[in-house]
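Let's learn to read a protein structure together, one feature at a time. Have the sequence and the 3D view at hand.

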Amino acid sequence: MRDVEMGSDEKQDFISELPNEVLTFILSKLRVDEAVRCNILAKRWLGLWKKAPHIEFNGKHMIRPVTQLLHSRESTITQDPFLYPFMKGGVFRYGFVIFQLMFRHSGNLSSCRFLHFKKSLWIGEVDTWIKFLVNKMNGLKHLSLECLPDYGQDADEIMFENEIYKLCISHKKFHCLSSLDLINYTMDSWCAFEDCHNLKILKLERIHLDDFVLSGILQNCVALENFSLIESTGFTKLIIVNSNLKILRLQVLCVGRLEVIAQNLEVLFLDSITCPVKNLSIYAPSLSNFESHSYSISSIEERTFVMKSYDIIAYFIDLSMQQSCNILPKLLAMSLDLDLNNLEEIMYLSSALGLCTSLQVLDITLPEYDYNDFTLPFLKPTLFWEMRLCKTFTQKLKFVTIRGFKGKEKEVEFAKFLITRATMMKRINIICYDSIEVAENLLSLPRASHNLTINLKCNSN
């Protein structure tokens with residue numbers, strides 16, 4: 001706490017004057033071991049951590065001074081008739097400290113996060129923690145569970161461990177939650193998700209589960225609005241049918257079939273997805289923000305198996321032609337990995353931009369490695385963009401970013417076209433891969449929009 005001088009001798013402690021609600025909010029931003037240690041700061045702080053709306057238990061930081069600050073003996077807790085059923089399974093030092101802290105919390109706990117070691121799965125601690133929270137904390141809405149790697153262990157190994165380390169949560173224990181994060185687990189059952197009619201946000205990261213479990217989870221989470229599936233394995237297909245879904249994030253997945261039917265989906269983020277394009281199906285007529293990248297895979301060899309951005313664009317174009325209608329009428333922002341020097345890819349881009357009649361934000365990332373340049377037979381690049389892009393596109397576009405700009409002919413001509421034809425443009429960011437000299441020539445071009453600002457950056461991510 002900092003004292004501020006209020007005259008020659010008078011000092012005022014502003015923090016001590018804050019209401020308890022503000023202090024408990026501050027404590028909720030700390031790990032629980034840090035929050036408990038705040039007891040020693042002043043009498044005003046004594047016991048305030050018990051009212052914090054959020055608690056984070058981190059196995060790497062739950063050390064002996066925490067138990068000393070609790071001023072409690074094991075017998076006091078284990079003799080309690082409410083706690084004993086949760087303790088009799090054999091909870092050891094770390095788990096016991098967690099029970100002490102949860103039992104002593106007396107406020108409205110709405111959010112809780114556990115970062116634990118795999119031992120807590122083996123002896124059943126995780127399930128008993130959840131049982132205790134559900135029974136004692138009626139207002140619990142947000143829960144995050146993460147299995148930490150043991151010292152010297154790779155985090156990716158956890159989800160492939162022996163079955164004794166599987167995440168086993170009792171029947172319907174997630175039904176009261178509105179938000180749930182699960183990180184680094186193997187799962188062989190979806191029973192904890194049964195009747196999850198309140199769950200709106202679900203994040204599954206580095207989870208190993210089969211088609212049956214994944215399907216059961218998605219079918220029970222009928223109110224889901226935000227779903228993330230990241231670096232997870234064990235399933236062969238991903239079928240998402242949900243009319244309430246608004247945000248979908250899929251990252252580093254390998255499936256034989258990907259199907260999304262989401263009437264109200266607004267944001268779709270695809271990163272490093274391996275799937276045959278012929279087995280791709282997306283129905284999202286309300287889509288306003290679309291991103292397709294391969295950021296999460298660094299190896300060029302591994303990227304060859306990843307579904308490319310232009311593959312997905314080609315799918316949207318073919319679907320529009322089959323249905324004889326624009327399937328992306330509401331798309332406002334689009335971010336893609338794309339090579340502006342490759343004829344096939346820029347042909348797909350130009351066709352897609354013709355569909356995106358409402359597009360206002362465009363972000364293109366060029367590859368670090370070079371393709372062989374294709375020539376445009378009998379057609380100059382500038383004339384190509386003039387013929388391929390509709391006027392509606394140039395009248396709506398406001399913000400453009402081109403990353404990895406190398407100053408090659410087709411890249412330069414695309415930037416020139418936007419600067420000299422897009423009448424509503426407000427800003428174009430050109431992030432150069434190496435030299436900025438070629439891009440500097442764009443600054444002298446006549447601008448179709450009087451409000452246009454051109455920002456040049458070099459060697460910037």
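This is a predicted model: local features need pLDDT of at least 70, side-chain atom pairs count only at pLDDT 80 or more; totals for chains, interfaces and linings use all residues.

Q: How many disulfides does the structure hold?

A: A disulfide is a covalent bond between the sulfur atoms of two cysteines. The test used here is a pair of cysteine sulfur atoms within 2.5 Å. By that test the structure holds zero disulfides. Cys196 is in no disulfide, and the nearest cysteine sulfur, that of Cys221, is 4.8 Å away.

Q: Is Cys196 buried or exposed?

A: Look at the relative accessible area: buried means under 20%, exposed over 50%, and partly exposed in between (1.4 Å probe, protein chains only). Cys196 has 0% relative accessibility, so it counts as buried.

Q: Which strands pair with S4?

A: Some words to start: helices (H or I, at least four residues) and strands (E, at least two) are DSSP runs, numbered from the N terminus. Two strands pair if DSSP finds at least two bridges between them. S3 and S4 pair in the parallel sense over five bridges, with Arg113 in S4 as the bridge partner of Glu56. S4 and strand S5 (residues 142–148) also pair in the parallel sense, over seven bridges. Across that pairing, His116 stands opposite Cys147 in S5.

Q: Why is S4 called largely enclosed by the rest of the structure?

A: S4 covers residues 111–117, and six of its seven residues are buried, so the strand is largely enclosed.

Q: Which residues does Asn58 touch?

A: Contact means heavy atoms within 4.5 Å. Asn58 lies in strand S3 (residues 54–58). Not counting residues up to four places away in sequence, Asn58 touches Arg31, Tyr94, Leu115 and Leu148. Its relative accessibility is 8%, so Asn58 counts as buried.

Q: Which residues of helix H9 are buried, and what do they pack against?

A: In H9 (residues 211–220), the buried residues are Val213, Leu214, Gly216, Ile217, Leu218 and Asn220. They pack against strands S7 (201–208), S8 (226–230) and S9 (237–241).

Q: Where does Asp210 lie?

A: Asp210 is in the loop between S7 and H9. Its relative accessible area is 37%, so Asp210 is partly exposed. At the start of H9, a side-chain oxygen of Asp210 reaches to within 3.2 Å of the backbone nitrogen of Phe212. Asp210 also touches Gly234 and Phe235, not counting residues up to four places away in sequence.

Q: What does the side chain of Asn341 make a polar contact with?

A: A polar contact is a pair of N or O atoms within 3.5 Å; within protein, one must be able to donate a hydrogen and the other to accept it, and residues adjacent in sequence count only if both atoms are side-chain atoms. The partner of Asn341 is the side chain of Glu411, at 2.6 Å. Asn341 is found in the loop between strand S15 (333–337) and helix H12 (343–355).

Q: How many aromatic pairs does a search of the whole structure find?

A: A pair of aromatic rings is described by the distance of the centres and the angle of the planes. Rings of Phe, Tyr and Trp (its six-membered ring) pair if their centres lie within 6.5 Å; planes under 30 degrees apart count as stacked, over 60 as edge-to-face and the rest as tilted. The search finds eight aromatic pairs. In one of them, the rings of Phe99 and Phe132 have centres 5.8 Å apart and planes at 85°, so the pair is edge-to-face. This pair links distant parts of the chain, with Phe99 in helix H6 (residues 93–104) and Phe132 in helix H8 (residues 125–136), 33 residues apart.

Conventions: Residues are numbered from 1 along each chain as its sequence is written. Side-chain values use heavy atoms; hydrogens and water are left out.
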